Amino acid sequence: MNEKKRILSGIQPSGDLTLGSYMGAIKNWVALQDDYDCLYCIVDMHAITVRQDPPTLRRRTLEQLSQYIACGLDPKKNILFIQSHVHQHAELSWVLGCFTQFGELSRMTQFKDKSKKHADNITAGLFTYPVLMAADILLYQADLVPVGQDQKQHVELCRDIANRFNGLYSDTFTLPEPFIPKMGTRIMSLGDPMSKMSKSDPDGCVFLMDKPEDIMRKFKRAVTDCEAAVRYDKDAKPGISNLLSIYCTATGKTFEEAEAEFEGQGYGVFKPAVGEAVVELLRPIREQAAELMRDKAYLEGIYKEGAERASYLAEKTLRKVYKKVGFVAR
């Protein structure tokens, strides 16, 4: 019997989880948990490449764990853990940094973008972020890494680093593949349908824990066009196409079914209908996540057990790496 392929992914607790995070990533993670060996982490070490308020970061980390579970990630089927609780991430990151070229890191698109946004705080951590991401992946010998297009470059660098190390010291790391699920939905901003839905744009972004009235308000204000026809055309009608993507993902309907449903009805009917579909989709998630946050002991049990299981796997890789580079055994 073939072993299941291993998947690793994570999201930063640098802001509240969004509808885009759910539809584009977490919903797909849930669909993968029976067929793959999955590790999902809360990457708090990555989050501090940008200044964070410490109490807020702690709160968001726990909230994100509660929302992972509320979205359907079963702690018995997946290893759910907090990145900073597994010390091997930082240790492997240092070793891999010694096998990564300065030029490779300076070409990273995300570094260039974030440097512009945070020009007053361009840190070494922001520069070496992709090395830590490579450590995250390679520690667990992950076969697949679910990523969006914006992170694909980092997986390619991870493969380059792994190839370089394997070439010098014989096979040590599994070469990961970027995994873009067929059912993945790229959700765009409600205020600017040409940009991805982002935590940094609260008005164009729906958060998993938003109240129903706030969700409805955001959808009623969503940018559309002057044509008043509900049909999918990504180039000519980006706003409506984004709303159709959201509606179909929330309801399970096809674009053809949704277009037929709203034919001749205009945006005054369509936009509130999308809002209602999202409200009902997120209602059980919001309620369960809030309930889990009231049981800190349960959450602590989940993240401690997750860290133990992750650390066991990570240590096997780290020991092998340390031996190959010539470190004396502990």
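Contact, in these legends, means heavy atoms within 4.5 Å. The views show a predicted model, in which local features need pLDDT of at least 70 and side-chain atom pairs count only at pLDDT 80 or more, while totals for chains, interfaces and linings use all residues. Residues are numbered from 1 along each chain as its sequence is written, and side-chain values use heavy atoms, with hydrogens and water left out.

View 1. Leaving aside neighbours within four places in sequence, L19 is in contact with M197, V206, L208, F219, I246, V278, L281 and L282. Buried here means under 20% relative accessible area, exposed over 50%, and partly exposed in between, with a 1.4 Å probe and protein chains only. Helices (H or I, at least four residues) and strands (E, at least two) are DSSP runs, numbered from the N terminus.

**View 2. Helix 4 against helix 13.** Helix 4 (residues 88–97) and helix 13 (residues 296–325) pack at an angle of about 25°, with their axes 10 Å apart; axes are lines fitted to C-alpha atoms, for helices over the stretch in contact, and angles run from 0 to 180 degrees between N-to-C directions. Helix 4 is therefore roughly parallel to helix 13, a class for angles under 35 degrees, with over 145 counting as roughly antiparallel, 65 to 115 as roughly perpendicular and the rest as oblique. On the helix 4 side the contact is made by Q88, E91, L92 and V95, and on the helix 13 side by S311, A314, E315, L318, V321, Y322 and V325. These residues divide into 7 nonpolar, 2 polar and 2 charged, where Ala, Val, Leu, Ile, Met, Phe, Trp, Tyr, Cys and Pro count as nonpolar, Asp, Glu, Lys and Arg as charged, and the others, Gly among them, as polar.

**View 3. Helix 4 against helix 7.** With helix 7 (residues 124–139), helix 4 packs at an angle of about 115°, the axes lying 8 Å apart. Q88, H89, L92, S93, L96 and G97 of helix 4 meet V131, L132, A134, A135, D136, L138 and L139 of helix 7. By class, this contact has 8 nonpolar, 4 polar and 1 charged residues.

**View 4. H154 in helix 8.** H154 is found in helix 8 (residues 149–169) and is buried, with a relative accessible area of 2%. Not counting residues up to four places away in sequence, H154 touches M108, Q110, Y129, P130 and M133. The C-alpha atoms of H154 and P178, 24 residues apart along the chain, are separated by 9.5 Å.

View 5. Q141, although not a glycine, has a positive phi of about 50°; Q141 lies in the loop between helix 7 and strand 4 (144–146) and is buried, with a relative accessible area of 18%. S170, also not a glycine, has a positive phi of about 75°; S170 is placed in the loop between helix 8 and strand 5 (177–179) and, at 42% relative accessibility, counts as partly exposed.
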